[in-house]
Amino acid sequence: MSELKVFTTVKEMQAYAAAQKQAGKTIGLCPTMGALHEGHMTLMRAARQACDIVIASVFVNPVQFGPNEDYDKYPRQFEADCAKLAAEGVDAVFHPEPAEMYPDGYGTYITVENGITDVLCGARRPGHFRGVATVVTKLMNITRADKAFFGQKDAQQVAVVRRFVADLNLPVEVVMVPICREASGLARSSRNAYMSEAEKQAALVLSRSLRAAKEAYAGGERQAAALKAAVQQVLATEPLARVDYVDLYTYPALQVTDSVSEPCLLAIAVYIGQTRLIDNIILGE
């Protein structure tokens with residue numbers, strides 16, 4: 001197993017990526033904010049299967065957090081992250097300081113304006129996807145990635161990334177990796193660390209509610225209202241759950257629809273105590 005290389009400056013990371021390209025290697029990028037868990041490892045494995053070189057980024061991106069969000073308390077555990085990346089055989093990790101990515105005078109941001117950032121998390125977190133699009137574009141350029149790997153848990157993010165990659169003619173293939181769940185059904189997330197054991201138990205209502213909709217769909221239900229109602233009904237059984245949204249849109253265009261006649265994203269965001277969790281399923285694939 002080769003030793004994990006750690007780069008903290010753009011210049012170092014670019015030089016490493018250029019050398020790999022020079023040697024004819026393909027590069028897979030797994031952008032993360034750290035606090036790595038098994039879900040992230042599924043991205044690394046997918047990248048390893050598809051590419052010669054795997055580069056992970058560990059960067060808590062300040063420009064995708066709103067003023068009242070959890071930027072300051074977002075879990076940071078870089079040493080533990082490096083141990084996991086090394087065990088997985090990742091080749092390099094890019095771990096810059098915010099000032100390295102956004103130096104004094106920085107003024108360029110990327111916005112996706114065709115409506116897909118106006119719904120779901122985009123509607124509730126103004127500026128979030130502007131921050132995501134900006135940092136992911138920078139990471140793709142810095143690492144010279146051939147493919148970039150993202151989890152389906154952030155399905156709206158994947159749609160946004162695919163949109164700007166296509167619109168800006170970036171030579172990167174965007175790969176969506178299925179949601180990684182704990183044995184209980186809970187979608188793995190760095191924010192799960194915020195929850196008490198009782199809250200983690202309560203959080204199982206998210207996957208249960210989506211399962212109810214999936215079963216309704218398998219039984220022939222196609223009406224968006226009925227599928228969303230199936231989710232709401234299950235969520236209502238959990239006293240600790242406070243629903244932010246239950247929405248169904250076509251995927252990846254994220255257009256409003258009354259019924260599932262093409263692939264659709266059924267997505268939910270739910271507060272369990274103070275922790276906001278997201279989960280989804282894709283119907284009609």
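The structure is a predicted model, in which local features need pLDDT of at least 70 and side-chain atom pairs count only at pLDDT 80 or more, while totals for chains, interfaces and linings use all residues. Residues are numbered from 1 along each chain as its sequence is written, and side-chain values use heavy atoms, with hydrogens and water left out.

The chain contains 9 helices and 9 strands, assigned as DSSP runs numbered from the N terminus (helices, H or I, at least four residues; strands, E, at least two). Its radius of gyration, 19 Å, is close to the 19 Å that the globule rule gives for 285 residues, so the chain is as compact as a globular protein of that length; the radius is taken over C-alpha atoms, and the rule is 2.2 Å times the number of residues to the power 0.38. Of the 285 residues, 53% count as buried, that is, under 20% relative accessible area with a 1.4 Å probe and protein chains only.

Within helix α2 (residues 38-50) lies Gly39, which is buried at a relative accessible area of 12%. Beyond its neighbours within four places in sequence, Gly39 is in contact with Cys180 and Arg188, contact meaning heavy atoms within 4.5 Å. Gly39 and Gly151, although 112 residues apart in sequence, are separated by 7.7 Å from C-alpha to C-alpha.

Terms used
Buried means under 20% relative accessible area, exposed over 50%, partly exposed in between (1.4 Å probe, protein chains only).
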